[in-house]
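Biologist: I am new to this structure and would like to understand how its ligand is held. Could you walk me through it?

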Amino acid sequence: MNRLRTLSVEAALLFLSVAQLSQALRCVCHLCTNHTCETEPAGACWNSVTLVNGKEERVKSCLTPAQYSGQMFCQGSRNLSKRHCCFTDFCNNVTLHLYSDRPSAEPGWAGLELALVVVVPCCLLCVAGLLGVLALQSQRCSYRRANKQDPEEPLEDLVMSPDKCLKELIYDMSTSGSGSGLPLLVQRTIARTIVLQECVGKGRFGEVWRGKWRGEDVAVKIFSSREERSWFREAEIYQTIMLRHENILGFIAADNKDNGSWTQLWLVSEYHEHGSLFDYLNRYTVSVEAMVLLASSLASGLAHLHMEIIGTQGKPAIAHRDIKSKNVLVKKSGAAAIADLGLAVKHDSSADTVHIPANHRVGTKRYMSPELLDDSINMDSFESFKRADIYSLGLVFWELARRCSAQGLNEDFQLPYYDLVPTDPSVEDMKRVVCEQKLRPSIPNQWQSCEALRVMGKLMRECCYGNAAARLTALRVKKTISQVTVLKDVKD
Ligand SMILES: Nc1ncnc2c1ncn2[C@@H]1O[C@H](COP(=O)(O)OP(=O)(O)OP(=O)(O)O)[C@@H](O)[C@H]1O
Ligand SMILES: [Mg+2]
């Protein structure tokens, strides 16, 4: 019974649609009077949108049965034109849009997908090809370089040549090359053929060893891997173009040896058997001449460090930031050599900026200038760092002058402010004495009876002014001490 009812409903619907198709229709028509048209029986309402000069243009009208039966007026939509036929009164009274419905987008997506399928693998193939070519080239380069070393590259030969001593090698390299030291390959070759002999000292950042390279003594500073930044910074500063100077420790090589579980960081330099000025003054007293030589060579080294040399083979101004008697070495000749450049800063004079190393390390509190202690220093000005170095230099002069035995008299060795602060003073301890009480190391009365000591006392005072701008420059200090030498020579 139910089945019969369903069938009759379906038959009624079919009849209705056939009847509708065979009936005349009324449609919206843009070009007709009253915007309406009437189709013939079995006609259709027509709705279309077309892209013309970038604009959508719409046409709505009636289709004759002949037009409709050809179906070309009702064909599916495209991106540039969309047509739609319908069969109820005013069914074309809707606004069609291009790109609006999913079916219309499908051909576009299909195109895009096709493009992706074709283009992406092509691109990947190209990139892979390019990388392959590059890898092949670099392999060829390194192979050529490795093979070139022996016949064409004289550097290895130079190192291996048994009659070359370190001094000659360094001299050759610093005069003929970039002026910044030995090529890295040579540095590594030297470092790896050093035989360590004995540990000669221990600092905050590692140990210093005496080593042998072809029978010559060299100093090897071994940094712990935690201090990689200090090692890197010190090696970088030592290799600044034109840094080499008789009163700056002669750098030879830097090497980082990775043995799988830890990295050994080496810094190889000239070895000075007297050790540091601190060691030396602890052990010996010095004559007036020896004091003058040490003081003038120390000032000379610092003046070179501070000086900017302009030119293609120029040198930037450098401030040391850790001047103290432990960081000055005593050479066999009795002259000083400034060491330990791990904290140094370079001045970029073109941009007038200070190149501060990415290194948290700060100088030694005892030797810190008042403006460093109370944090009033202008870190943006390179002059500030030079002035802080001069303050520390003044304190080293005081340590040195105390050990000068003029007329058989001298003082014991002491560190600056030994009588005012504890052994390992804090910044607060130093600040209280240096900034608040404005105290400076005292100048013994007997210094007045010796010209050289009198000058040393005066220099110390003028290097240690609280007002950083009033302090002497390294060049001024150097000249003043040179005059002491001249005076002495004239007297003799
Ligand atoms: N090139 C060298 N020749 C001979 N001895 C050296 C040389 N360099 C350093 N020394 C010795 O090794 C010691 C340790 O030096 P290092 O620079 O590691 O520490 P420091 O200067 O004593 O202290 P700090 O870590 O505070 O700078 C020095 O005091 C000195 O006696
Ligand atoms: Mg040191």
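This is a predicted model: local features need pLDDT of at least 70, side-chain atom pairs count only at pLDDT 80 or more; totals for chains, interfaces and linings use all residues.

Modeller: Residues are numbered from 1 along each chain as its sequence is written, chains are lettered from A and ligands numbered from 1 in the order in which they are written, and side-chain values use heavy atoms, with hydrogens and water left out.

Biologist: Which domains does ligand 1 lie between?

Modeller: Look at which domains give residues to its shell. Domain bounds come from an automatic or database domain assignment. Both contribute, so ligand 1 lies between domain 2 (157-270) and domain 3 (277-491).

Biologist: Which strand gives the largest share of the shell around ligand 1?

Modeller: Strands here are DSSP runs (E, at least two residues), numbered from the N terminus. β6 (195-203), β8 (216-223) and β10 (263-270) each supply at least two shell residues. The largest share, three residues, comes from β6.

Biologist: How far is an oxygen atom of ligand 1 from an N or O atom in the side chain of D279?

Modeller: Polar contacts to the ligand are pairs of N or O atoms within 3.5 Å. A backbone N or O atom of H272 lies 3.0 Å from a ligand nitrogen. For the D279 side chain and a ligand oxygen, the distance is 2.6 Å.

How values were computed: A polar contact is a pair of N or O atoms within 3.5 Å; within protein, one must be able to donate a hydrogen and the other to accept it, and residues adjacent in sequence count only if both atoms are side-chain atoms. Helices (H or I, at least four residues) and strands (E, at least two) are DSSP runs, numbered from the N terminus.
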